[in-house]
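I'm opening my notebook on a structure that is new to me. I'll jot down what I look up as I go.

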Amino acid sequence: MSFQIKTIALYNAAGDIRTLDFKIGGVNIITGKSRTGKSSIIEILDYCLGRSTFNVFEGVNRGIVTWYAVILQIGDMQALIAKPAPEGLATSQSKVYWETGSNVNLPELKNLEPNSNDDAVVANLSGLLGLGLNKTVIAEGRTTTPFEATLKHTKFYLFQEQNLIANKRQLFWRQADPFMSQSIKDTLPYFLGAIQEDRLLLEHELKELSRSLRQLQQKQREALAVVSEKTQGARTLIAEAQAAGIIDPDTEVNDENMIELLRGIASWSPNQFTGPDRGRLEEEQKQMHSLRTQLRKKAQDIVEVENFQRESSNFSYEVKEQVARLEVANLFNHSNSNEQYCPICESSLEIPTPSLEQLNNSLIKLRANLESVRHEKPRVDEHLIRLRNDLEEIRREYRASEERFIALNKEQDTSQQFRDAQLIAARVAGRASLYIESINTLVTDQGKSLNDKIEARKLKINQILKGLELEEIEDVITSILSIVSSQMTKWADHLNLEHKGFPYRLDIKKLTVVADTPDRPIVMERMGSGENHLGCHLIALLSLHKYFISKKRPVPSFIVLDQPTQVYFPSSVTYKALDGTNKDLGTQGADELAVRRMFELLFDVCDDLFPNFQIIVTEHANLDDERFQEALVEDPWTDGKALIPESWLTS
């Protein structure tokens, strides 16, 4: 879907609205004297179509116009884009009032509140134009990053300012701005349709196919690695399976039954085996530990009893010796014995001897102790025997527990060996399964061989790569430019250009027009006179637009030409002296016939493309021609008539 200009509107601070309504699908002419604002049309459109930089000439505009607006006709709908003038000394601003509908009316000034911005305008209009996801194609060796073509890049083909429209060195709008020349070269192939709309999708598909191809090739390499030594590898696997007990060791192996044997090996499943209960082992370990503790305690008890018994024996012996000594005292059993004298020699003693009574008392106590020891000994002996019996019983229990533990451990080892054997068998079965799977992969994969799939991927990838090749794009561009050039040549004849009769063509590498004469190609800047330069601009741009429209390319369907006929006048002074009212151009020294041919071309192109193309022309000239007069947007801008109403200047 494309769009044309329905209305341009200006607001002043008082809320007054100045509108310029344009005919859709036709030529619209604004003529008048100098300094009436005609050249501002391009700048206003550029500003409202998403450019933040404000280039409307400084003057009365700056202090009087508060908002600039444009209504676009986009198929059956309309879009209003209104932007306030930059505040103060600012040279740019991006706030936008955006409204769409089937029939949009200009709102009052008080209702104009920004609700969007320039980026959104560019994005919205790019979408409405049908600019899909795209990416420029950068030639090999260039360092420029591919970028997306948007509405901004369509403006190269929309505007021809008065200093450009007959410029012999520059063909497109803003071509002389930094980097713009390359930007035109990069995006024009897309707008011509030489770069597939689905290029990004194709690139994505190419990436996925390449990834899939790599996976298939890796799968093929792995499969080939497995079956590369088919016979020997199969025999080795079968031998390992025999050693692992999967198949009978005496099974005969030959080339005919190898695959079948491998399938059987691959389908092997582990046998069920119940090993010892791990809990029983742990219980026995705990039992042994408990019995060891009991053994140590019982042995300690026996040692203590034996020590007691030994000490009691020593005590009895000592007591017996002491009793024997004291019994001697009966020899001196007389009552008059004196402790101060020796009972034998009756000599005086320095240390008095114990009395006989004391000795007898001690003897009685010793005999009592000795009796007590004799009385307890049988009990101690009996306790010791009991302890030793207990110790022996614990030892028997410990040995029994130890034997059970050893038996369980052996059973556990046997189970582990079985599991190890099962594991080995499982590994052999897994390798056999991989072997069979690899053979199946190579032979058939969902009805197609793996190699067939790889070849199909390669074929598809090559097809996409061919479509994405720069050479392919260049071939398509050459073909398109041939069509465009054919139209240019026809219109060059109509305009009676200097090299009419010879092919004219658009050179998008140099961004110029070339006339291929029999002697040599003549580029636009080497053609003589402004009429030829103007003619080159017109035939190139009109031919491009005709091609854009015929192929429904996403480019706005209008062009604005600022003062194209100036080249047909003797001087710019003569031309600018016109006020749009004088219809006798011949009296001004102009090549009226050439002017008529030019407008005739513009009308014919619009008629041919009706209602899909619109031309807006700002002029100083006027023509006594019915179609010219019908194309006038307003009466000539003179005697106070201008873009900005005179009343705004005086109020």
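Predicted model: local features only at pLDDT ≥ 70, side-chain atom pairs only at ≥ 80, totals over all residues.

**Notes on a sheet and some rings**

I started with helix α1 (residues 40–48), which lies across β1 (4–12), β2, β4 (65–74) and β5 (77–84). It runs at about 80° to β4. My axes are lines fitted to C-alpha atoms, for helices over the stretch in contact, with angles from 0 to 180 degrees between N-to-C directions. Helices (H or I, at least four residues) and strands (E, at least two) are DSSP runs, numbered from the N terminus.

Residues are numbered from 1 along each chain as its sequence is written, and side-chain values use heavy atoms, with hydrogens and water left out.

Next I looked up helix α3 (residues 118–129), which packs on the sheet and touches β4, β5, β6 and β7 (contact means heavy atoms within 4.5 Å). Its direction makes about 30° with that of β6.

**The sheet**

In what order do the six strands of the open sheet come? I read β2-β1-β4-β5-β6-β7, with antiparallel pairing (two strands pair if DSSP finds at least two bridges between them). The edge strands, each pairing on one side only, are β2 (17–21) and β7 (116–117). I find two bridges between β6 (residues 95–101) and β7; Val-96 has Ser-116 in β7 as its bridge partner.

**The rings**

A search of the whole structure gave me 14 aromatic pairs. Rings of Phe, Tyr and Trp (its six-membered ring) pair if their centres lie within 6.5 Å; planes under 30 degrees apart count as stacked, over 60 as edge-to-face and the rest as tilted.

I picked Tyr-157 and Phe-172, an edge-to-face pair at 5.4 Å centre to centre with 80° between the planes. Tyr-157 is in the loop between α4 (151–154) and β8 (159–160) and Phe-172 in the loop between β8 and α5 (180–192), so the pair ties together parts 15 residues apart in sequence. Tyr-157 is buried at 0% relative accessible area (buried means under 20%, exposed over 50%, partly exposed in between; 1.4 Å probe, protein chains only). Phe-172 is buried too, at 1%.

Then I checked Phe-159 and Phe-558, a tilted pair: 6.2 Å between centres, 55° between planes. Phe-159 lies in β8 and Phe-558 in β12 (residues 558–562), so this pair ties together parts 399 residues apart in sequence.
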